[in-house]
Amino acid sequence: MLRLMLNDHPGIRVPRETPFLPRLMQQLPLNSPLSEDDTNLAFNLITNHWKWETWAVTPERLRNTISSLKHPFLGQLISAMYLSCSNPENKPRWGDKSIACTQKVHLLHQVFPHAKFIHLIRDARDVCMSWQNAYLRSNSSAFKHGQSISDAAKHWSHMVNAAVESGQHLGSEFYLEIRYEDLVLKTEETLKNICTFIGEEYDSRMLDFYKNSAVKEIAIDKPHHAQHHTKTRRPPNPTDTYRWRAEMSLADIVLVEAHAGQMMDRIGQTRHFQGMQRIIPYSFRASCKLKNKLEKILLPTNED
């Protein structure tokens, strides 16, 4: 939703989520000119991934874009790719939206020292419930962290912690945390805050993302994308927030707060179990750890 909102700003383009940035940073020099072999590797890393097709750009165009650069740094190659290959309106500024980048902020800051990082955080219980529902609908390994509520809570806590830790090192000049609930309930105010942070004038057209950016993508959506992103085709609705209060079982709330409670406390999310009741998820987590230790002790080994 935030990606589509930003796409309706006249100066910003954020294409569909891809794994390109982490893959390129892992295998190419971060702060030295790229050789011809490096640029060929970059081309192959991008075009051989199945998500390349979601950009609806020919490999030849990417090849021509890369070939026009003479011994580029990685940041220059990536910027050229985003501005040329997924920017039909020739907007001057690009962005990337990917959950994988939460663990690569320090590398991204090396490659793009002036980049701004926006960390959008949603209530842990809603995220875990959404992941599990997505896994049940698709039965896909892409949602392996949603196989159980416990797995989802651990994954959420790990990813959010990685971004928060990086953000503390970057400081407020480069890192901004916003709440999903604020984006839904106080949309205009939150978007104005984001525009101030990134140094852009606020544009009210961002509020009509569901009429513009979302509509443009419907035509090229695959069925699984269409299923997961149906809510982007309408205005934000207050019922999109805190759904766990009506839809999540008490047992699942215990599981989420047992595994993600400390991270929830750190970023100011209010727990369901307050006061003396906070011992409930703590006790459950302690019992799970004890059970795992006992299983390791009691289960027979190959030597037995």
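In the predicted model, the side chains of aspartate 123 and arginine 125 form a salt bridge, with an N to O distance of 2.7 Å. Both aspartate 123 and arginine 125 are buried.

Glutamate 181 sits in helix α9, which spans residues 180–185. Glutamate 181 is buried but has no salt bridge. Arginine 122 carries the nearest side chain of opposite charge, at 5.1 Å. Neighbours within four places in sequence aside, glutamate 181 contacts Ile121, Arg122, Asp123, Lys186, Thr241 and Tyr242.

A search of the whole structure returns 17 salt bridges. One of them joins glutamate 89 and lysine 216, at 3.0 Å from N to O. Glutamate 89 is in the loop between α5 (74–85) and β2 (93–94), and lysine 216 is in helix α11 (residues 213–218), so this pair ties together parts 127 residues apart in sequence. Glutamate 89 has 49% relative accessibility and therefore counts as partly exposed. Lysine 216, at 52%, counts as exposed. A further salt bridge links lysine 211 to aspartate 208, at 3.8 Å from N to O. Lysine 211 is partly exposed at 49% relative accessibility. Aspartate 208 is partly exposed at 28%.

Nonpolar side chains tend to be buried together in soluble globular proteins. The largest nonpolar core here holds 56 residues, and Leu74 and Trp156 touch the most other members. Helix α14 (residues 250–267) supplies the largest share of this core, with eight residues. A second, separate core has 18 residues, including Leu2, Leu176, Ile194 and Ala214. Beyond four places in sequence, tryptophan 156 touches Ile121, Arg122, Ala124, Val127, Trp131, Ala260, Met263, Met264, Ile267 and Gln269. Ile121 and Arg122 are among the residues touched by tryptophan 156, and glutamate 181 contacts them as well.

Overall, the protein chain contains 15 helices and four strands. Of its 304 residues, 46% are buried. Among contacts with a separation of 6 or more, 69% are between residues 24 or more positions apart. The accessible surface of the chain is about 16,400 Å², and carbon and sulfur atoms account for 53% of that area.

Terms used. Residues are numbered from 1 along each chain as its sequence is written. This is a predicted model: local features need pLDDT of at least 70, side-chain atom pairs count only at pLDDT 80 or more; totals for chains, interfaces and linings use all residues. Side-chain values use heavy atoms; hydrogens and water are left out. A nonpolar core is a set of buried Ala, Val, Leu, Ile, Met, Phe, Trp, Tyr and Cys residues joined through side-chain atoms within 4.5 Å. Buried means under 20% relative accessible area, exposed over 50%, partly exposed in between (1.4 Å probe, protein chains only). Helices (H or I, at least four residues) and strands (E, at least two) are DSSP runs, numbered from the N terminus. Contact means heavy atoms within 4.5 Å. Lys and Arg count as positive and Asp and Glu as negative; His and the chain ends are not counted. A salt bridge is a side-chain nitrogen of Lys or Arg within 4 Å of a carboxyl oxygen of Asp or Glu. Accessible areas come from the Shrake-Rupley method with a 1.4 Å probe; for residues, only the protein chains shown count as cover.
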